[in-house]
Amino acid sequence: MADVHAPSVSLPLGFILTGIAALLVGASWLTARPINLAGYHYGPEVVAATHLFVLGWICSVIMGTMYQLVPVALETRLHSERLARWHFGLHLVGFVGMVMMFLVWDMKQVGHFGSVLATGVGLFVYNLARTLARIPRWNVVAIGIASSLGWLSLTILAGLYLAAAKCWSFSPFEPMAQMHAHAHLGGLGFFVMMIVSVSFKLVPMFTLSEVQNHRRAGGSLALLNAGLAGLFVTILLSSPWKLVFASVIATGLAFYGWEVIAILQARKRRNRDWGMRYFLTALALLIPVSGLGIVLAWPRLPATELTAQLESVYGLLAFIGVVTLAILGMLYKVVPFLVWYASYSKAIGRSKVPALADLYSPALQAVGYWLFLVGLAFTSVATALGHESCVRAGCALLLASVTVFIVNIGTVLSHLVRPRLMPLDFKSTQPTNTQPPS
Amino acid sequence: MNEAIVNVDARGLEPPQPMVVILETLSELPECAELHARTDRRPLHLYPLLEQRGFTGETEEQNDGSFITIIRRA
């Protein structure tokens, strides 16, 4: 028997459900307080809401999913499930405390809760690094995951530095430049790098294809890494050279897009389910985000009210557009599988078990998809114009999309408490929505 | 002992269908036969289920990038 296995489902599900709860609170918050997007983006409430999204929603889900996917994607076993459970507790205390302390702008307490969160991240990075150390062979997926872990570590250190600099005013760097550099480390280095890396495994897996050009895939990771290293330094120093490094990153993303298109063109499964549509739409949103990023990196760009609002749109499109939509798409793959595996895998061959696609509603997926896209477009335009009531309307659409997602995921989770098993000779008269690969 | 071999080709199926096909075939496997299952990927989630059912599985990667898992009674 191979020395490989995935951790128990309760571990990733704990992180994922925490993340979904944070997303619901975050979307409700923006709907109730649209001024956070319609007004200037550097204030206690905006910083608190941003950390709720990036730590509570995005980090929780990515970390939980990584504990499940990394052993499977890299054909090894997780170094320690016990450490991962400790990480969950530290993460929960850390991010909730940080968000609350950002709200009252108590930077000393932000630093304390940030240290708790950082300890958890340390366990996460150590656990995955030990897991990576035992993989049979390195590939683009492993290199990308290792890169993203490195960037995550730097993001956390930069965050702690920012909190300390607020307390003791020792930093030689301009405060907004520090904050933007920290945000790019996390957003590009951890989130985008992780999405890019695992997609080299998941997109072929779910479309029945293969990576078409390993050099092109590796090249995209190299450009992203080199570009981000340069971008971090040049943003921190407020250097005009940041345009060059932003262009390097855009080139890396173009190589990535080229490879994804090649993977899709070679796929054996022609019909795309909604989970993949969410994910691929998120990847397409990298185009406007990159374009806006290059505009905002332009040397001597005048610091006007419009520029500040465009920075908010850039953050919105990156974190809510690209990252959130990509995660929703992947969750529509990961959560049904986890639940199906926990509820039905032991019964295969002994009872009639439902197909994976019978666990959720494709109609709700479609409704959620369009609500999300219309809400995102509406919110982006309203944010650029600084129009508060239109931001509220756009965020309400996003909140509606999140609610639909939660209802659908709730349907999936109901199989954990009430599995629908049938006798093997049961002949169903109900049509199923299973779509065989073509 | 000359054991019968039952072959299953579960390539081209989206997860978790390969696992379903293999375990359904396994439930009807004759007493002294072994199952050779061909998949696109190493069937990581299959191993604990084989163990629970009193089987062992050994997986080897093939030259074409597919995997063959040989499943026997423990």
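**Notebook: cavities and strands**

I began with the lining of the largest cavity, whose residues divide into 20 nonpolar, three polar and six charged. Here Ala, Val, Leu, Ile, Met, Phe, Trp, Tyr, Cys and Pro count as nonpolar, Asp, Glu, Lys and Arg as charged, and the others, Gly among them, as polar.

I noted that this is a predicted model, in which local features need pLDDT of at least 70 and side-chain atom pairs count only at pLDDT 80 or more, while totals for chains, interfaces and linings use all residues. Residues are numbered from 1 along each chain as its sequence is written, chains are lettered from A and ligands numbered from 1 in the order in which they are written, and side-chain values use heavy atoms, with hydrogens and water left out.

**Cavities**

A cavity is a set of points, on a 1 Å grid over the protein atoms alone, where a 1.4 Å probe fits but cannot get out, and lining residues have an atom within 4 Å of a point. Points are joined across faces, edges and corners, and the volume is the space filled by probe spheres set on them.

The largest cavity holds about 520 Å³. I listed 29 lining residues, with V72(A), M205(A), F337(A), P15(B) and H45(B) nearest the centre. Two or more lining residues come from each of α3 (44-73), α7 (175-207) and α12 (305-344) of chain A and from α1 of chain B. Helices (H or I, at least four residues) and strands (E, at least two) are DSSP runs, numbered from the N terminus.

The second largest cavity has about 150 Å³. Its lining has 15 residues, and I62(A), T65(A), V198(A), I327(A) and M330(A) are the closest to the centre. α3, α7 and α12 of chain A each give at least two residues to this lining. I counted 14 nonpolar residues there, one polar and no charged.

**Strands of chain B**

I traced β1 (residues 4-9) and β2 (residues 33-39) of chain B, which pair in the parallel sense over six bridges; strands pair if DSSP finds at least two bridges between them. Between β1(B) and β2(B) the chain passes through helix α1 (residues 17-26), in a right-handed β-α-β crossover. Right-handed means that, with the strands pointing away from the viewer, the path from the first strand over the helix to the second runs clockwise.

N7(B) has H36(B) as its bridge partner in β2(B), and H36(B) in turn has I70(B) as its partner in β4(B). β2(B) and β4(B) (residues 67-73) run antiparallel, joined by five bridges. I also found β3(B) (residues 55-61) antiparallel to β4(B) over seven bridges. β3(B) and β4(B) form a hairpin with five residues between them, and G65(B) in the turn has a positive phi of about 90°.

**Backbone and confidence**

I noted a cis peptide bond between P15(B) and P16(B), with omega about 5°; P16(B) lies in the loop between β1 and α1 of chain B. W105(A), which is not glycine, has a positive phi near 50°.

Chain A has a mean pLDDT of 92, and 95% of its residues reach 70 or more. pLDDT is the predictor's confidence in each residue, from 0 to 100.

Definitions and conventions
1 Å grid on protein atoms, 1.4 Å probe; cavity = no way out; pocket = protein on both sides within 12 Å on 5 of 7 lines; lining within 4 Å.
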